[in-house]
Amino acid sequence: MKRIWGRRWTICALLFFATTVNYIDRQVIGVLKPTLLGAGWTEIDYSNIVLAFQLAYAIGLFSSGG
């Protein structure tokens, strides 16, 4: 029983960190927009980054059944 209890918390911690990284990634893209535009990137370049991230997120969500 003790062995299963430890695995449960390990899985719970891994899910928590995966979710946290996912939401941080989403926020960083928006926060970096002024910096990227100031570095010479265009709105189209920025939109391509956002599109690629959302596409990868949608494929991952679709493949996981969520």
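**Salt bridges**

I searched the whole structure, a predicted model, and found one salt bridge (a side-chain nitrogen of Lys or Arg within 4 Å of a carboxyl oxygen of Asp or Glu). Glu 43 pairs with Lys 33, and their closest N and O atoms are 3.6 Å apart. I noted that this links distant parts of the chain: Glu 43 sits in helix α3 and Lys 33 in helix α2 (residues 33–38), 10 residues apart. Helices here are DSSP runs of H or I with at least four residues, numbered from the N terminus.

**Helix α3**

I checked the span of α3, which has 22 residues (43–64). Just after α3, Gly 65 takes a positive phi of about 85 degrees.

**A nonpolar patch**

Ile 24, Val 28 and Leu 32 form a nonpolar surface patch, with about 230 Å² of accessible area together (Shrake-Rupley method, 1.4 Å probe). Patch residues have over 30% relative accessible area and no salt bridge, and nonpolar side chains are joined within 5 Å. I found Val 28 in helix α1 (residues 2–31), partly exposed at 37%.

**My ground rules**

Residues are numbered from 1 along each chain as its sequence is written, and side-chain values use heavy atoms, without hydrogens or water. Local features need pLDDT of at least 70, side-chain atom pairs count only at pLDDT 80 or more, and totals for chains, interfaces and linings use all residues.

Conventions: Helix = DSSP H or I, 4+ residues; strand = E, 2+ residues; numbered from the N terminus. Expected span 1.5 Å × (residues − 1). Patch = residues over 30% accessible without salt bridge, like charges linked within 9 Å, V, L, I, M, F, W, Y side chains within 5 Å. Buried < 20%, exposed > 50% of the residue type's maximum accessible area, 1.4 Å probe, protein only.
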